[in-house]
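Biologist: I am new to this structure and would like to go through its inner spaces and one of its strands. Please take my questions one by one.

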Amino acid sequence: MGDLNKLGLAEARDALRAGDVTSVELTDACLSAIDGAGALNAFVHHTPEIARTQAAAADARIKAGDAPAMCGLPIGIKDLFCTKGVPSQAGSRILEGFLPQFESTVSQNLFDSGAVMLGKLNMDEFAMGSSNETSVYGNAVNPWKVDSRQLTPGGSSGGSASAVAADLCLAATGTDTGGSIRQPAAFVGITGIKPTYGRCSRWGVVAFASSLDQAGPMTKSVRDAAIMLEAMCSHDPKDSTSADLPVPNFEAMLTGDIKGKKIGIPKEYRMDGMPDEIEALWANGTAMLRDAGAEIVDISLPHTKYALPAYYVIAPAEASSNLARYDGVRYGHRARLDQGDGITEMYEKTRAEGFGAEVQRRVMIGTYVLSAGFYDAYYNRARRVRTLIKKDFEDVFAEGIDAILTPATPSAAFGLGEASDDPVEMYLNDVFTVTVNMAGLPGIAVPAGQDAQGLPLGLQLIGRPWEEGDLLNTAYALEARAGFVAKPEKWW
């Protein structure tokens, strides 16, 4: 069957069930690809023994006629998910040596569905970043390359994006707090969906901003995203924000028929200085959906311009609270102390050594906006803006809009090191994605074209809450018409 690691989830699943290939063969093909891709720095903890054991068990299940959706399919797990007995560092030095004695709900759901874990994937430290340059492991690298420039795979799920695009795994888990699935997916030419807040359990996922974080799949196609998302979702009593709702068969909803659907085009997303190629991509996507039978409607989301500053108040505030637990007392890195140092010095030195510069920046911002005298001026005001952003979406959906089409990113992937010196410039990468997290909505990035240098560009579709199936079907129709099939030329 050729290079087995290049298969998608749906193709591999069908081949496994037909007996054309075994999970052990699929897994070995991926492990071999990983071994040859050290230059990408996508996988940071390798688990070949676990993978081969899980693959053999999956083959036995398939042979016995007991093959759930993900049975035998090799995937990567973002380092933000706690995996029992396997290092789970969230890309940070402060969690050095941490071996969880429990499994995150999402990864457990995937393993229960028969998925095979190849290893843990690189990411920005504590998911704080848009370029994978804040990772303690060093940055992951985009498999797409222009001349000698190494490009970012995006962040924070940069390792996941790079691994899927380079065919090191069939799919990967990601998390999305302000765009950390959709932006890297767009940068490497794959599909990534952030489901409705509460659709996937957050239990066992290292917290960044608890009211914004959501897990989701990063895959080679929309169909693969539908297959994997269904396996990841569940109601979880251990997560108070987990929705007690049935999980649909998302794949069965992929008909490609979107005739009569109303697709909103928000005028506020046409920003000053937007590159012509992003404008053209958006126009092409609009034309594709119209050709598929959808009705295109101009809409307004008037509070969009406040989303980014409000996000960068709320997210750091929640991070400063969540990261207070990392103190060197119970687990992870602890600084060496000088004679006479007490517990205060231990906290200070441990956190100074354990947290990188970007995490420290966000913790300090968050602590500031939550402090006496500034809580109302910053944090409460940002929360009120968030409510207005959510209402903007509710209003357009109430008018019959089924989905909203926007660019996924303001540009193609940029060079590593090109934006890391300017935090504000880096934060602007989230300009099209943060509104979705602020409103708790599902959003998906689909590869839809390339820039003048041949780098992939993505479009974003935003859906109604809890209607991931409808969103995936609209993305499926867009994917079919975009016809994006380009892959990076192997240089690593």
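Biologist: Which residues line the second largest cavity?

Modeller: This is a predicted model, and the second largest cavity in it holds about 30 Å³ of space. Its lining divides into six nonpolar, no polar and two charged residues. The lining residues are Arg-13, Leu-16, Arg-17, Ile-62, Ala-67, Pro-68, Ala-69 and Cys-71.

Biologist: Which element supplies the largest share of the lining of the second largest cavity?

Modeller: Arg-13, Leu-16 and Arg-17 are among the lining residues, and α1 covers residues 9-18. The largest share, three residues, comes from α1.

Biologist: What volume does the largest cavity have?

Modeller: The structure holds two cavities of 30 Å³ or more. The largest cavity is lined by 13 residues, and Ala-127, Gly-129, Ser-180, Tyr-311 and Asp-430 lie nearest its centre. That lining divides into four nonpolar, seven polar and two charged residues. The volume of the largest cavity is about 70 Å³.

Biologist: How many residues of the lining of the largest pocket are charged?

Modeller: The largest pocket has about 460 Å³ of space. Of the 22 residues that line it, the closest to its centre are Lys-220, Ser-221, Glu-479, Phe-484 and Val-485. In the lining, 11 residues are nonpolar and four are polar, and the number of charged ones is seven.

Biologist: Which element gives the largest share of the lining of the largest pocket?

Modeller: At least two lining residues each come from α1, α7 (222-232) and β12 (443-450). The largest share is three residues, and the element that gives it is α1.

Biologist: Why is β12 largely enclosed by the rest of the structure?

Modeller: A residue counts as buried when its relative accessible area is under 20%. β12 is largely enclosed because, of its eight residues, the number buried is seven.

Biologist: Which residue in β13 is the bridge partner of Ile-444?

Modeller: β12 pairs in the antiparallel sense with strand β13 (residues 456-463) over seven bridges. Five residues lie between the strands of this hairpin, where Gly-454 takes a positive phi near 90 degrees. Within β13, the bridge partner of Ile-444 is Leu-461.

Biologist: Which residue of β12 stands opposite Gly-192?

Modeller: Strand β7 (residues 191-194) also pairs with β12, in the antiparallel sense and over three bridges. The β12 residue opposite Gly-192 is Ala-445.

Key: Residues numbered from 1 in each chain as written. Predicted model: local features only at pLDDT ≥ 70, side-chain atom pairs only at ≥ 80, totals over all residues. Heavy atoms only, no water. 1 Å grid on protein atoms, 1.4 Å probe; cavity = no way out; pocket = protein on both sides within 12 Å on 5 of 7 lines; lining within 4 Å. Points joined across faces, edges and corners; volume = space filled by probe spheres on them. Helix = DSSP H or I, 4+ residues; strand = E, 2+ residues; numbered from the N terminus. Nonpolar A, V, L, I, M, F, W, Y, C, P; charged D, E, K, R; others polar. Buried < 20%, exposed > 50% of the residue type's maximum accessible area, 1.4 Å probe, protein only. Pairing = 2+ DSSP bridges.
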